[in-house]
Amino acid sequence: MESRKSCAYSEHLDLTLERLASPGLLLAAKGRDGRPDNAMTIGWATFGIIWGLPICVVLVRPSRYTYGLIEAARDFTVNVPAEGMAEAVAYLGTASGRDGDKLAHVRLATSASGTVSAPTLSACPVTYECRAVHHNDVIPAHLESRVDRGSYPRGDYHRLYYGEILATTTLL
Ligand SMILES: Cc1cc2nc3c(=O)[nH]c(=O)nc-3n(C[C@H](O)[C@H](O)[C@H](O)COP(=O)(O)O)c2cc1C
């Protein structure tokens, strides 16, 4: 039986940053138009304080199915995968929610989050519930050419969503 409790957003940052580096975190969003909730793997994010608020910034390319879901709902969760979830993380980072129910495919159960419409991935030891309070797009002209060449050979520039962390829940 799942028993999540609330904690400070700063309590499990070590584990969060370790899993961000490998195998990645899971960005989840509410489904729309009667379609299922979705999750995608992210390898890039930052956690900190902006505008006096605890903020998680995630970078999402417009080509991702999840992008449209976040645009519609303006909220998301960032879920830290458990050890042993590497296969699910790899699948969620390659398959698209456009083509089917990814969470069902990897048998990851969800539960309602307390503060946002995006689901909590029940088996994940830490979940950050975030409401987008700002977004901006990477500006190619402002990007060092080394980074531009390395990360954007197809010109698919990320949108950065600044999520106020409204709640953090944990199984730990
Ligand atoms: C380790 C890893 C890290 C990734 N990091 C990001 C990321 O930070 N931002 C992004 O837009 N895509 C990232 N991706 C790619 C998406 O997870 C992938 O395109 C996914 O299939 C999108 O799913 P969707 O179409 O259901 O939204 C990453 C993939 C992997 C495997």
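Helices, of at least four residues, and strands, of at least two, are DSSP runs numbered from the N terminus, and on that basis Arg 74 falls in the loop between H2 and S6. All views show a predicted model.

**View 1. The whole protein chain, with its five helices and ten strands.** Along its principal axes the C-alpha trace spans about 50 × 40 × 30 Å. The radius of gyration of the protein chain is 15 Å, which agrees with the value near 16 Å that a compact globule of 172 residues would have. Of the 172 residues, 35% are buried. When contacts between residues at least 6 apart in sequence are considered, 72% of them join residues at least 24 apart.

**View 2. The hairpin of strands S4 and S5.** Strand S4 covers residues 45–50 and strand S5 covers residues 53–60, and the two run antiparallel, joined by six bridges. Within this pairing, Thr 46 has Val 57 of S5 as its bridge partner. Two residues lie between the strands, and Trp 51, which is in the turn, has a positive phi of about 55°.

**View 3. Strand S10 and the strands that pair with it.** Strand S10, residues 159–170, runs antiparallel to S5, and six bridges join the two; Leu 59 has Leu 160 of S10 as its bridge partner, while Ile 55 stands opposite Glu 164 in S10. S9 also pairs with S10 in the antiparallel sense, over eleven bridges, and here Thr 127 stands opposite Thr 169. Strand S1, residues 5–6, pairs with S10 as well, in the antiparallel sense and over two bridges, with Lys 5 opposite Thr 170.

**View 4. The largest nonpolar core, with 34 residues.** The members that touch the most other members are Leu 26, Leu 27, Val 58, Phe 76 and Val 78. At least two residues of this core come from each of strand S2 (25–29), S3, S5, H2, strand S6 (75–80), helix H3 (86–92), strand S9 (126–137) and S10. S2 gives the most, with five residues. Once the neighbours within four places in sequence are left aside, Val 58 is in contact with Leu 27, Ile 42, Ala 45, Phe 76, Val 78, Tyr 161 and Gly 163.

View 5. Leu 13 counts as partly exposed because it has 16 C-beta neighbours inside 10 Å, a count in between the limits of 12 or fewer for an exposed residue and 20 or more for a buried one. The C-alpha atom of Leu 13 is separated by 27 Å from that of Gly 150, and the two residues are 137 apart along the chain.

**View 6. Two arginines with positive phi, Arg 74 and Arg 107.** Arg 74, in the loop between H2 and S6, has a phi near 60°, which is a positive value in a residue other than glycine. Arg 74 is partly exposed, because 17 other C-beta atoms lie within 10 Å. Arg 107 is placed in the loop between helix H4 (102–105) and strand S7 (110–111), and its phi is positive, at about 55°, although Arg 107 is not a glycine. With 8 other C-beta atoms within 10 Å, Arg 107 is therefore exposed.

Definitions and conventions. Residues numbered from 1 in each chain as written. Predicted model: local features only at pLDDT ≥ 70, side-chain atom pairs only at ≥ 80, totals over all residues. Pairing = 2+ DSSP bridges. Rg over C-alpha atoms; globule rule 2.2 N^0.38 Å. Contact = placed C-beta atoms within 7 Å. Core = buried A, V, L, I, M, F, W, Y, C linked by C-beta atoms within 7 Å.
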